[in-house]
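The sequence and structure are shown first.

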Amino acid sequence: MTADADAPSDAPDSGASSGPSDAPSLALPFDTEALEHSPIVTERLLIRPLIEADSDDVWEYQRLPEVLRYIPWPERSREEAHAHTMRRVGSRLLAEDGDNVHFAMVLTGEPSPGDAGRDRVVGDVMVRIASVEHARLELGWVLHPDFQGRGLAAEATAAVLAFAFDTLQAHRVLAELVAENTASAKLCLRLGMRHEATFVEEEYDRDTGAWLDMAFYGILRREHVAARLAG
(Lines give C-alpha, C1' and ligand atoms only; values in the text may rest on other atoms or scores of the structure.)
Protein backbone atom coordinates (compact mmCIF):
# COMPACT_ATOMS: atom_id res chain seq x y z
CA MET A 1 0.00 0.00 0.00
CA THR A 2 1.30 3.47 -0.87
CA ALA A 3 0.64 6.68 0.98
CA ASP A 4 -1.93 9.13 -0.36
CA ALA A 5 -0.02 12.05 -1.88
CA ASP A 6 -2.92 14.40 -1.00
CA ALA A 7 -3.11 13.37 2.65
CA PRO A 8 -2.73 16.14 5.25
CA SER A 9 0.87 16.81 6.27
CA ASP A 10 0.23 18.26 9.74
CA ALA A 11 1.01 15.03 11.59
CA PRO A 12 3.85 15.38 14.10
CA ASP A 13 7.30 14.54 12.80
CA SER A 14 8.84 11.88 14.99
CA GLY A 15 12.14 11.93 13.11
CA ALA A 16 11.80 8.21 12.43
CA SER A 17 12.25 6.64 9.00
CA SER A 18 9.19 6.07 6.83
CA GLY A 19 9.29 2.29 7.25
CA PRO A 20 10.44 -0.39 9.68
CA SER A 21 14.18 -0.73 10.10
CA ASP A 22 14.15 -4.29 8.75
CA ALA A 23 12.29 -3.36 5.56
CA PRO A 24 13.90 -5.01 2.51
CA SER A 25 16.33 -2.84 0.57
CA LEU A 26 18.68 -4.01 -2.15
CA ALA A 27 22.03 -2.20 -2.38
CA LEU A 28 21.33 -0.65 -5.77
CA PRO A 29 22.37 0.49 -8.26
CA PHE A 30 25.24 -1.95 -8.64
CA ASP A 31 27.67 -1.73 -11.56
CA THR A 32 29.66 -4.88 -12.32
CA GLU A 33 32.71 -2.75 -13.09
CA ALA A 34 33.53 -3.16 -9.40
CA LEU A 35 34.07 -6.90 -9.98
CA GLU A 36 36.20 -6.33 -13.06
CA HIS A 37 38.87 -4.82 -10.85
CA SER A 38 38.25 -7.02 -7.80
CA PRO A 39 36.79 -10.34 -9.00
CA ILE A 40 35.46 -13.01 -6.69
CA VAL A 41 38.17 -15.62 -6.13
CA THR A 42 37.39 -19.13 -4.93
CA GLU A 43 39.60 -22.18 -4.50
CA ARG A 44 39.71 -22.95 -8.23
CA LEU A 45 37.78 -20.20 -9.96
CA LEU A 46 37.91 -16.53 -10.74
CA ILE A 47 34.42 -15.08 -11.05
CA ARG A 48 34.11 -11.84 -12.98
CA PRO A 49 31.73 -10.18 -15.48
CA LEU A 50 31.57 -11.73 -18.93
CA ILE A 51 33.67 -9.90 -21.54
CA GLU A 52 33.81 -10.01 -25.33
CA ALA A 53 36.94 -12.19 -25.32
CA ASP A 54 34.91 -14.95 -23.58
CA SER A 55 32.66 -15.46 -26.61
CA ASP A 56 34.45 -18.48 -28.08
CA ASP A 57 34.62 -20.25 -24.72
CA VAL A 58 30.91 -19.63 -24.18
CA TRP A 59 30.17 -21.00 -27.64
CA GLU A 60 31.87 -24.26 -26.66
CA TYR A 61 29.05 -25.04 -24.23
CA GLN A 62 26.23 -22.92 -25.64
CA ARG A 63 26.11 -25.07 -28.78
CA LEU A 64 25.75 -28.42 -27.01
CA PRO A 65 22.37 -30.22 -27.13
CA GLU A 66 22.76 -31.46 -23.55
CA VAL A 67 23.08 -27.84 -22.40
CA LEU A 68 20.23 -26.51 -24.56
CA ARG A 69 17.98 -29.21 -23.12
CA TYR A 70 17.62 -27.30 -19.86
CA ILE A 71 18.57 -23.72 -20.78
CA PRO A 72 16.02 -21.51 -22.61
CA TRP A 73 18.37 -20.87 -25.53
CA PRO A 74 17.60 -21.72 -29.16
CA GLU A 75 20.19 -23.35 -31.37
CA ARG A 76 22.46 -20.60 -32.67
CA SER A 77 25.25 -20.35 -35.20
CA ARG A 78 28.63 -19.17 -33.92
CA GLU A 79 27.84 -15.66 -35.20
CA GLU A 80 24.42 -15.64 -33.50
CA ALA A 81 25.95 -16.97 -30.29
CA HIS A 82 28.56 -14.22 -30.35
CA ALA A 83 25.83 -11.60 -30.74
CA HIS A 84 23.96 -13.16 -27.80
CA THR A 85 27.08 -13.13 -25.65
CA MET A 86 27.68 -9.49 -26.53
CA ARG A 87 24.17 -8.61 -25.37
CA ARG A 88 24.90 -10.31 -22.08
CA VAL A 89 28.27 -8.56 -21.85
CA GLY A 90 26.39 -5.28 -22.28
CA SER A 91 24.19 -5.96 -19.24
CA ARG A 92 26.35 -4.35 -16.57
CA LEU A 93 23.98 -2.57 -14.21
CA LEU A 94 21.54 -3.84 -11.59
CA ALA A 95 18.99 -1.16 -10.80
CA GLU A 96 15.43 -2.15 -11.77
CA ASP A 97 13.22 -5.23 -11.96
CA GLY A 98 14.39 -7.50 -14.76
CA ASP A 99 17.96 -6.18 -14.86
CA ASN A 100 20.48 -9.00 -15.07
CA VAL A 101 24.23 -9.46 -15.09
CA HIS A 102 26.34 -12.46 -16.05
CA PHE A 103 29.51 -13.69 -14.39
CA ALA A 104 32.07 -15.92 -16.08
CA MET A 105 33.35 -19.00 -14.27
CA VAL A 106 37.05 -18.83 -15.17
CA LEU A 107 38.87 -22.06 -14.32
CA THR A 108 42.35 -21.10 -13.18
CA GLY A 109 45.09 -23.00 -15.01
CA GLU A 110 42.77 -24.44 -17.69
CA PRO A 111 43.81 -23.01 -21.09
CA SER A 112 41.15 -21.68 -23.41
CA PRO A 113 40.80 -23.82 -26.58
CA GLY A 114 41.10 -20.72 -28.76
CA ASP A 115 43.88 -19.02 -26.82
CA ALA A 116 46.21 -21.10 -24.68
CA GLY A 117 47.42 -17.93 -23.02
CA ARG A 118 44.03 -17.33 -21.40
CA ASP A 119 42.30 -19.27 -18.64
CA ARG A 120 39.13 -20.92 -19.88
CA VAL A 121 35.56 -19.84 -19.17
CA VAL A 122 33.78 -23.11 -18.37
CA GLY A 123 30.38 -21.69 -17.44
CA ASP A 124 28.56 -18.63 -16.22
CA VAL A 125 26.20 -17.48 -13.49
CA MET A 126 23.34 -15.01 -13.91
CA VAL A 127 21.99 -12.65 -11.26
CA ARG A 128 18.61 -11.10 -12.08
CA ILE A 129 16.48 -8.67 -10.10
CA ALA A 130 13.15 -10.41 -9.55
CA SER A 131 11.79 -7.60 -7.35
CA VAL A 132 13.41 -4.42 -6.08
CA GLU A 133 10.47 -3.78 -3.76
CA HIS A 134 10.82 -7.14 -2.05
CA ALA A 135 14.64 -7.42 -2.32
CA ARG A 136 14.33 -10.62 -4.32
CA LEU A 137 17.02 -11.90 -6.71
CA GLU A 138 17.17 -14.88 -9.04
CA LEU A 139 20.21 -17.01 -9.82
CA GLY A 140 20.78 -19.08 -12.95
CA TRP A 141 23.83 -21.04 -14.05
CA VAL A 142 25.30 -23.17 -16.80
CA LEU A 143 28.46 -25.28 -16.86
CA HIS A 144 30.20 -27.03 -19.74
CA PRO A 145 29.38 -30.78 -19.42
CA ASP A 146 33.08 -31.68 -19.67
CA PHE A 147 33.64 -29.95 -16.33
CA GLN A 148 30.64 -31.29 -14.47
CA GLY A 149 31.03 -33.68 -11.56
CA ARG A 150 33.94 -31.73 -10.04
CA GLY A 151 31.99 -29.39 -7.77
CA LEU A 152 32.74 -26.33 -9.91
CA ALA A 153 29.11 -25.27 -10.30
CA ALA A 154 28.64 -25.51 -6.53
CA GLU A 155 31.82 -23.52 -5.93
CA ALA A 156 30.76 -20.75 -8.30
CA THR A 157 27.11 -20.52 -7.30
CA ALA A 158 27.91 -20.57 -3.58
CA ALA A 159 30.23 -17.60 -4.10
CA VAL A 160 27.63 -15.69 -6.13
CA LEU A 161 24.92 -16.54 -3.60
CA ALA A 162 27.09 -15.03 -0.87
CA PHE A 163 27.58 -11.97 -3.08
CA ALA A 164 23.81 -11.67 -3.53
CA PHE A 165 23.23 -11.62 0.22
CA ASP A 166 26.35 -9.82 1.48
CA THR A 167 26.90 -7.21 -1.22
CA LEU A 168 23.50 -6.77 -2.85
CA GLN A 169 21.63 -7.26 0.45
CA ALA A 170 18.98 -9.60 -0.95
CA HIS A 171 16.23 -10.73 1.37
CA ARG A 172 15.50 -13.78 -0.74
CA VAL A 173 17.23 -15.59 -3.60
CA LEU A 174 15.39 -17.99 -5.86
CA ALA A 175 16.14 -20.38 -8.69
CA GLU A 176 13.74 -21.62 -11.36
CA LEU A 177 14.58 -24.71 -13.36
CA VAL A 178 13.11 -27.43 -15.51
CA ALA A 179 11.91 -30.07 -13.07
CA GLU A 180 13.74 -32.82 -14.97
CA ASN A 181 17.06 -31.06 -14.40
CA THR A 182 18.00 -33.22 -11.44
CA ALA A 183 21.63 -32.05 -11.36
CA SER A 184 20.58 -28.42 -10.82
CA ALA A 185 17.93 -29.51 -8.33
CA LYS A 186 20.62 -31.24 -6.27
CA LEU A 187 22.78 -28.15 -6.51
CA CYS A 188 19.93 -25.98 -5.19
CA LEU A 189 19.62 -28.24 -2.16
CA ARG A 190 23.39 -28.19 -1.67
CA LEU A 191 23.21 -24.38 -1.60
CA GLY A 192 20.69 -24.59 1.22
CA MET A 193 17.68 -23.76 -0.91
CA ARG A 194 14.36 -25.44 -0.27
CA HIS A 195 12.13 -26.89 -2.97
CA GLU A 196 9.09 -24.65 -2.68
CA ALA A 197 6.89 -25.67 -5.61
CA THR A 198 6.67 -27.45 -8.92
CA PHE A 199 4.31 -25.91 -11.47
CA VAL A 200 3.00 -28.54 -13.86
CA GLU A 201 3.20 -27.66 -17.57
CA GLU A 202 4.28 -24.14 -16.67
CA GLU A 203 6.22 -23.39 -19.86
CA TYR A 204 5.91 -24.51 -23.48
CA ASP A 205 9.07 -25.49 -25.33
CA ARG A 206 8.44 -24.52 -28.96
CA ASP A 207 11.56 -26.32 -30.15
CA THR A 208 10.36 -29.70 -28.89
CA GLY A 209 6.62 -29.06 -28.83
CA ALA A 210 6.42 -30.17 -25.20
CA TRP A 211 5.14 -28.63 -21.99
CA LEU A 212 7.70 -28.33 -19.21
CA ASP A 213 7.17 -28.65 -15.47
CA MET A 214 9.12 -25.92 -13.65
CA ALA A 215 10.59 -26.32 -10.14
CA PHE A 216 11.15 -23.37 -7.82
CA TYR A 217 13.74 -23.20 -5.06
CA GLY A 218 14.47 -20.42 -2.57
CA ILE A 219 16.50 -19.33 0.43
CA LEU A 220 16.26 -16.35 2.79
CA ARG A 221 19.16 -14.25 3.98
CA ARG A 222 18.69 -15.29 7.62
CA GLU A 223 18.81 -18.94 6.56
CA HIS A 224 21.99 -18.37 4.59
CA VAL A 225 23.61 -16.59 7.52
CA ALA A 226 22.56 -19.34 9.95
CA ALA A 227 23.97 -22.03 7.66
CA ARG A 228 27.33 -20.26 7.44
CA LEU A 229 27.51 -19.78 11.18
CA ALA A 230 26.76 -23.47 11.65
CA GLY A 231 29.68 -24.32 9.39
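## Strand pairing and packing

Strand β3 (residues 45-49) pairs with strand β5 (residues 100-112) in the antiparallel sense, over 5 bridges. The model is a predicted one. Within this pairing, Leu 46 stands opposite Val 106 in β5, and Ile 47 stands opposite Met 105 in β5.

Strand β3 also pairs with β2 in the antiparallel sense, here over 2 bridges. A hairpin of 3 residues joins β2 to β3. On this side, Val 41 stands opposite Leu 46 in β3. Strand β3 is mostly covered, with 4 of its 5 residues buried.

The opposite positions are listed here.

| Residue | Stands opposite |
|---|---|
| Ile 47 | Met 105 in β5 |

These strands belong to an open sheet of 8 strands with mixed pairing, in the order β2-β3-β5-β6-β7-β8-β10-β9. The edge strands are β2 (40-41) and β9 (194-205), each of which pairs on one side only. In general, strands of a sheet pair through backbone hydrogen bonds, in either a parallel or an antiparallel sense.

Two helices lie across strands of the sheet. Helix α6 (residues 182-190) lies across β7 (136-143), β8 (172-178), β9 and β10 (210-220), and it runs at about 165° to β8. Helix α7 (residues 221-229) lies across β9 and β10, running at about 65° to β10.

Two residues are considered individually. Ser 112 is found in strand β5, the strand that pairs with β3. Why does Ser 112 count as buried? Its relative accessible area is 5%, and the cut-off for buried is under 20%. Leaving aside neighbours within four places in sequence, Ser 112 is in contact with Asp 57, Arg 118, Asp 119 and Arg 120.

Thr 85 is found in helix α4 (residues 78-90). Thr 85 counts as buried because its relative accessibility is 1%, again against the cut-off of under 20%. With neighbours within four places in sequence left aside, Thr 85 is in contact with Ser 55 and Val 58.

Conventions: Residues numbered from 1 in each chain as written. Predicted model: local features only at pLDDT ≥ 70, side-chain atom pairs only at ≥ 80, totals over all residues. Heavy atoms only, no water. Pairing = 2+ DSSP bridges. Contact = heavy atoms within 4.5 Å. Axes fitted to C-alpha atoms, helices over the stretch in contact; angles between N-to-C directions. Buried < 20%, exposed > 50% of the residue type's maximum accessible area, 1.4 Å probe, protein only.
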